[in-house]
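Notebook open, model loaded. I'm jotting down what I look up as I go.

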Amino acid sequence: MSEPVLPAAAVETPLGWAGVAVSPAGIRRATLFHRTRDACLGELRAFGAVEAQPAERPPLLAAALERLAAYAAGDPAALGSFPVDLPPDLPAASRRVLLALRAIPPGEVRSYGWLAEAAGLGRGNARAAGAIIGANPVPLWLPCHRVVAADGSLHGFAGGLAMKRRLLELEGALPAPLLP
């Protein structure tokens, strides 16, 4: 049985274009911030989503776009409790790791070892946890950017380390750079 078509949309924010594709139960796919609307929607289309025009958007999709805009405008808690609907074929260990990300509050970070332990993989499986979040289908909403190396350094982020730093600055986990 094939998966139903997921309606998707993008919103322009101060951080760039971001988008989501939703099922009736929650966000199934999400993007990080892109420079263009086309790049954002192209990423969602690659997973089978179809752009929904404003009049056709389900309420869940419209609400998700509002939350994305609020997050990018400086409300780090805007995404926290919004429903996420991970793909049904996701392995159980991946599901546990991804959902454990929600336990990291805005403004805080945790290590890959912490994440592995929180997901029941054991602290020694930090690399496995990192590989799983590297394929996070719902970034921002499942905040993989809040995971750092054991020494506190930034590493490993699909959107690049500059974006990871910017998101952590937005949330108050890192100090913003001083102006000259």
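This is a predicted model: local features need pLDDT of at least 70, side-chain atom pairs count only at pLDDT 80 or more; totals for chains, interfaces and linings use all residues.

Which residues does Thr-13 touch, not counting residues up to four places away in sequence? I get Phe-33, Leu-68, Ala-69 and Ala-72.

**Entry on Thr-13.** I placed Thr-13 in strand S1, which covers residues 6–13. Its relative accessible area comes out at 10%. The cut-off for buried is under 20%, so I'm logging Thr-13 as buried. Then I checked where its side chain goes. The Thr-13 side chain reaches the backbone oxygen of Gly-16 at 2.7 Å, and I also find it reaching the backbone nitrogen of Leu-15 at 3.0 Å.

**Entry on H3 and H5.** I looked at how helix H3 (residues 92–100) sits against helix H5 (residues 126–133). Their axes come within 9 Å and cross at roughly 85°. Angles of 65 to 115 degrees count as roughly perpendicular, so that is what I wrote down for H3 and H5. On the H3 side I listed Ala-93, Ser-94, Val-97 and Leu-98; they meet Ala-129, Ile-132 and Ile-133 in H5. My tally for the residues of this contact is six nonpolar, one polar and no charged.

**Entry on H6.** Next I went to helix H6, residues 161–171. The buried residues I noted there are Met-163, Lys-164, Leu-167, Leu-168, Glu-169, Leu-170 and Glu-171. What covers them? I find that the cover includes helix H2 (59–72), helix H4 (112–118) and strand S6 (147–148). Last item: Gly-172 follows H6, and its phi is positive, near 85°.

Note on methods: Residues are numbered from 1 along each chain as its sequence is written. Side-chain values use heavy atoms; hydrogens and water are left out. Helices (H or I, at least four residues) and strands (E, at least two) are DSSP runs, numbered from the N terminus. Buried means under 20% relative accessible area, exposed over 50%, partly exposed in between (1.4 Å probe, protein chains only). A polar contact is a pair of N or O atoms within 3.5 Å; within protein, one must be able to donate a hydrogen and the other to accept it, and residues adjacent in sequence count only if both atoms are side-chain atoms. Contact means heavy atoms within 4.5 Å. Axes are lines fitted to C-alpha atoms, for helices over the stretch in contact, and angles run from 0 to 180 degrees between N-to-C directions. Angles under 35 degrees count as roughly parallel, over 145 as roughly antiparallel, 65 to 115 as roughly perpendicular and the rest as oblique. Ala, Val, Leu, Ile, Met, Phe, Trp, Tyr, Cys and Pro count as nonpolar, Asp, Glu, Lys and Arg as charged, and the others, Gly among them, as polar.
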